[in-house]
Amino acid sequence: MGSGLGKFVLAVPLLTRARAVGLEVVHERAAAARAAGVDAGRIVLDPGIGFGKTREHNLQLLAALPRLRRLGHPLLLGTSRKRFMGAICTYRGQVPTPAELVDATCATTALGVAAGVALFRVHDVLANRRAADVAAAITSADTLPFFMEEIKGSDWFASVQQPTRLVRLSLIH
């Protein structure tokens with residue numbers, strides 16, 4: 001291929017100048033890349049967090065990660081130290097500096113793992129790796145049957161006077 005696109009991962013931005021692009025357009029762009037000779041295994045979708053988007057656009061993109069993952073290509077998430085998180089994490093009028101947003105970045109990394117994101121661009125690798133490992137362990141755990149058996153055999157369960165508490169627990173599953 002003369003374009004050389006097949007040699008690199010193709011990142012398809014999902015928002016352009018803070019204007020949302022429909023998922024069907026993203027799917028069409030990935031199909032166009034494949035038609036141009038890019039191997040499907042080398043296409044990565046990047047929602048483009050930040051980059052001129054509003055706080056709401058960024059939050060909507062993060063909330064849409066599971067839908068974006070269903071398009072069939074790996075996702076790349078780059079939220080590290082982004083300004084929109086600083087606005088969310090403002091405390092007593094103090095906006096955190098980018099370097100103080102490690103914990104916020106770790107939160108988005110954990111959410112990304114739960115949504116099936118494959119690649120992360122971060123500044124603080126170890127902290128985000130730990131967050132990703134914990135999120136992966138939680139999302140792959142199937143502990144509810146064990147948890148419910150423990151509750152049923154406990155003194156707490158025997159002392160519960162309101163059956164609605166047990167109903168609430170059963171909604172977890």
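Arg92 lies in the loop that joins helix 4 (83-88) to helix 5 (102-115). In this predicted model, the residue has a positive phi of about 50°, although Arg92 is not a glycine. Its relative accessibility is 73%, and Arg92 therefore counts as exposed, the threshold being over 50%.

A positive phi is also found at Phe51, with a value of about 45°, and Phe51 is likewise not a glycine. Phe51 is placed in the loop between strand 4 (43-46) and helix 2 (55-63). With a relative accessibility of 63%, Phe51 counts as exposed.

Ala137 belongs to helix 6, which covers residues 125-140. The relative accessible area of Ala137 is 46%, and the residue is partly exposed. Ala137 and Ala114 are 23 residues apart along the chain, and their C-alpha atoms are separated by 9.9 Å.

Cys89 is partly exposed, at 35% relative accessible area, while Cys106 counts as buried, at 14%. The search for disulfides, carried out over the whole structure, finds 0; no pair of cysteine sulfur atoms therefore lies within 2.5 Å.

The accessibility values are collected below.

| Residue | Relative accessibility | Class |
|---|---|---|
| Arg92 | 73% | exposed |
| Phe51 | 63% | exposed |
| Ala137 | 46% | partly exposed |
| Cys89 | 35% | partly exposed |
| Cys106 | 14% | buried |

Terms used: Residues are numbered from 1 along each chain as its sequence is written. This is a predicted model: local features need pLDDT of at least 70, side-chain atom pairs count only at pLDDT 80 or more; totals for chains, interfaces and linings use all residues. Side-chain values use heavy atoms; hydrogens and water are left out. Buried means under 20% relative accessible area, exposed over 50%, partly exposed in between (1.4 Å probe, protein chains only). Helices (H or I, at least four residues) and strands (E, at least two) are DSSP runs, numbered from the N terminus.
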